[in-house]
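Thanks, everyone. I have one structure to walk through today, so please bring it up on your screens.

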Amino acid sequence: MNLTVYGSDFIIGVLLFVLTLIFLLYLWMKHRYSYWERRGVPFVPIYSLLHHFKDTFFMRKSMSMVLGDLYLQANDKDKFIGIYILHKPFLLIRDKDLIKSMLIKDFDVFCNRYFSIKASKDLATMNLFSVNNPTWKHLRIKMSPVFTSGKIKKLFYLMHETSETMKNFLHERSNKSSTVTIDAKDVFLKYSTDIISTVAFGVRTNSFEESEFYLQSRLPFKPTFRSMFTMLLAFFFPELTDKVEFKMMGEAREYFDKLFWDTFNEREKSGIKRGDLIDYLIELKNEKQNDEFKFEGDILLGQSLIFFIAGRESTTTTICYALAELAKQPKLQDRLRQEIRKILKSNGFSYEAVQRMKYLDQVISETLRLYPPAPIIDRVATRDYVIPGTDVVLEKGTPVYAVLTGIHLDPKNFPDPLCFDPDRFSDERKGDIPAYAYMPFGDGPRICIAMRVGLLQTAVAIITVINNYEVSLDLKGNYKPDPHNMFLTPCDNFLLHLKKITVDD
């Protein structure tokens with residue numbers, strides 16, 4: 001009898017304990033989810049930890065697309081809105097003047113990115129993308145000479161040569177038929193890989209022959225639960241990334257580590273210079289070093305890795321979607337082809353010829369508006385900050401986002417925003433675009449350092465394809481952004497039909 005009573009009391013005690021924990025968790029969540037309300041900030045109501053982001057966590061929709069939807073669903077009068085990702089408050093900026101303040105005017109407060117991967121066991125993560133100020137400023141100054149106009153102009157010859165290799169690859173595939181179907185993501189990833197491998201690692205590769213370099217470079221980007229989980233942490237809880245064992249390039253790191261140091265050491269020993277990133281990193285290593293940040297070991301490797309990762313993926317995305325949009329509107333495609341052929345006929349395929357192609361520039365700009373490869377511009381407040389024109393105090397450490405999948409599709413910024421219209425960027429109409437409504441490479445001091453390199457290699461690829469082929473879509477193709485990726489990238493099976501044409505067609 002006493003044992004029965006004791007057992008009942010124990011069960012009741014456990015139940016009371018569990019109910020108390022649930023009640024305390026409820027009170028804690030209620031308090032957390034009233035954060036923005038208590039500060040007088042318009043906010044998106046949330047009813048569960050995954051409420052707005054369940055499609056992302058279940059890999060049905062990219063986080064950047066979800067954030068863009070939240071931006072567009074907000075009240076037009078709201079200059080900013082508060083959102084919650086799991087339990088953490090984030091501020092989504094909608095007002096262009098506030099974006100200007102965040103990126104430029106008050107850069108001293110918002111000089112650091114929130115999204116970053118900083119693994120103390122991997123010094124390669126100490127790169128231009130991830131490091132905080134003042135280390136970032138020191139690194140930016142040191143790396144800027146790599147991307148001068150003169151050096152970018154010299155890269156054109158490499159890009160042209162690689163585009164010829166790509167053209168030959170496509171022509172060989174279309175020998176038996178006038179039309180070839182390609183997985184555009186794969187083809188243009190090979191093209192951009194061959195360019196950036198030379199710049200970042202000082203080696204010539206031929207990815208169109210499935211080189212070892214290309215195969216190794218694909219390994220880190222295969223979607224796995226671990227890779228996607230790490231990326232989610234980096235975007236929304238970067239303070240936890242050091243708790244996850246992480247190495248840039250993942251299982252391919254050993255390959256790239258050896259490749260980089262073999263080239264670096266051989267080049268340093270021989271003294272032969274080729275004008276690429278490796279040469280410049282050798283110079284930095286041999287300079288008098290800043291005690292706070294020394295260019296040595298894996299920090300040198302990290303600069304090559306981040307340039308390779310960022311430059312390759314963004315270029316591939318832009319080429320794929322530019323050609324897909326032109327395929328949907330043959331008249332625009334013909335207009336671009338006429339411009340390309342007219343200028344090539346009089347100037348040849350040269351750096352100066354590319355700069356003269358105004359309509360091509362408009363096509364690329366409009367593609368970047370609809371499909372910005374890096375659609376989330378993130379910053380974090382380094383101190384308490386009063387939002388201009390309000391009495392709202394943004395607490396130190398609060399993440400702030402400007403989301404291009406919202407800003408670039410806002411009808412107030414771009415009428416009929418879903419329409420692909422390159423003439424938005426014509427000389428006659430580009431003045432109608434509000435300031436800070438178009439920022440595919442970010443803006444302010446932390447604007448993408450390699451922006452002009454990316455634009456040039458994108459242009460060279462589009463010229464090569466449009467000059468030689470008519471492009472159309474495949475009904476079996478998948479043209480939606482990859483829901484597994486935090487950035488905006490095309491899915492596999494991004495199929496394009498290329499019909500070979502001659503100059504006289």
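I will start with a turn. In the hairpin formed by β1 and β2, 2 residues sit between the strands, and Leu86 has a positive phi near 55°. Before going further, note that this is a predicted model.

β1, residues 80–85, and β2, residues 88–93, are paired antiparallel over 6 bridges. Within that pairing, Ile83 is opposite Phe90 of β2.

β4, residues 376–380, is largely enclosed by the rest of the structure, because 5 of its 5 residues are buried. Here the buried residues are Ile376, Asp378 and Val380 on one side, with Ile377 and Arg379 on the other. So the covered faces of β4 include Asp378 and Arg379, both counted as buried. The partner of β4 is β7, residues 399–403, and the two are antiparallel over 5 bridges. Arg379 is placed opposite Val400 in β7.

Val400 comes up again in the next item, the cavity. How many cavities of 30 Å³ or more does a search of the whole structure find? It finds 1. The space in the largest cavity is about 80 Å³. Its lining consists of Leu91, Ile93, Leu98, Ser101, Met102, Phe110, Tyr385, Ile387, Pro388, Leu394 and Val400. Both β2 and α5 supply at least two lining residues each, and α5 gives the most, with 3.

Next, the packing. Nonpolar side chains tend to be buried together in soluble globular proteins. In this model the largest nonpolar core has 97 residues, and Phe188 and Phe201 have the most contacts inside it. The element that gives the most to this core is helix α13, residues 298–328, with 15 residues. There is also a second, separate core of 44 residues, and among its members are Tyr35, Ile85, Leu92 and Val392.

What does Phe201 touch, leaving aside neighbours within four places in sequence? The contacts are Ile196, Phe213, Phe256, Leu259, Phe260, Thr263, Ile278, Ser304, Leu305 and Phe308.

Four helices each supply at least two of the lining residues: α7 (149–173), α15 (351–356), α16 and α18 (451–468). Which of them gives the largest share? That is α16, with 6 residues.

α16 also matters for confidence. Covering residues 358–370, this helix has the highest confidence in the chain, a mean of 98, while helix α10, residues 225–236, has the lowest, at 65. Over the whole chain the mean pLDDT is 87, with 88% of residues at 70 or more.

A few backbone details remain. The peptide bond between Asn133 and Pro134 is cis, with omega near 5°. Pro134 sits in the loop between α5 (96–105) and α6 (135–143).

Two further residues have positive phi without being glycine. Glu210 has a phi of about 55° and lies in the loop between α8 (184–201) and α9 (212–218). Is Glu210 buried or partly exposed? Its relative accessible area is 38%, so Glu210 is partly exposed. Asn493 has a phi near 65°, in the loop between β8 (469–473) and β9 (495–500). Asn493 counts as partly exposed too, because its relative accessibility is 34%.

Last, the overall figures. The chain has 18 helices and 9 strands. It is 505 residues long, and 52% of those residues count as buried. Of the contacts with a separation of 6 or more, 72% are between residues 24 or more positions apart.

That is what I have.

How values were computed
Residues numbered from 1 in each chain as written. Heavy atoms only, no water. Core = buried A, V, L, I, M, F, W, Y, C linked by side-chain atoms within 4.5 Å. Buried < 20%, exposed > 50% of the residue type's maximum accessible area, 1.4 Å probe, protein only. Contact = heavy atoms within 4.5 Å. pLDDT = per-residue confidence, 0-100. Pairing = 2+ DSSP bridges. 1 Å grid on protein atoms, 1.4 Å probe; cavity = no way out; pocket = protein on both sides within 12 Å on 5 of 7 lines; lining within 4 Å. Points joined across faces, edges and corners; volume = space filled by probe spheres on them.
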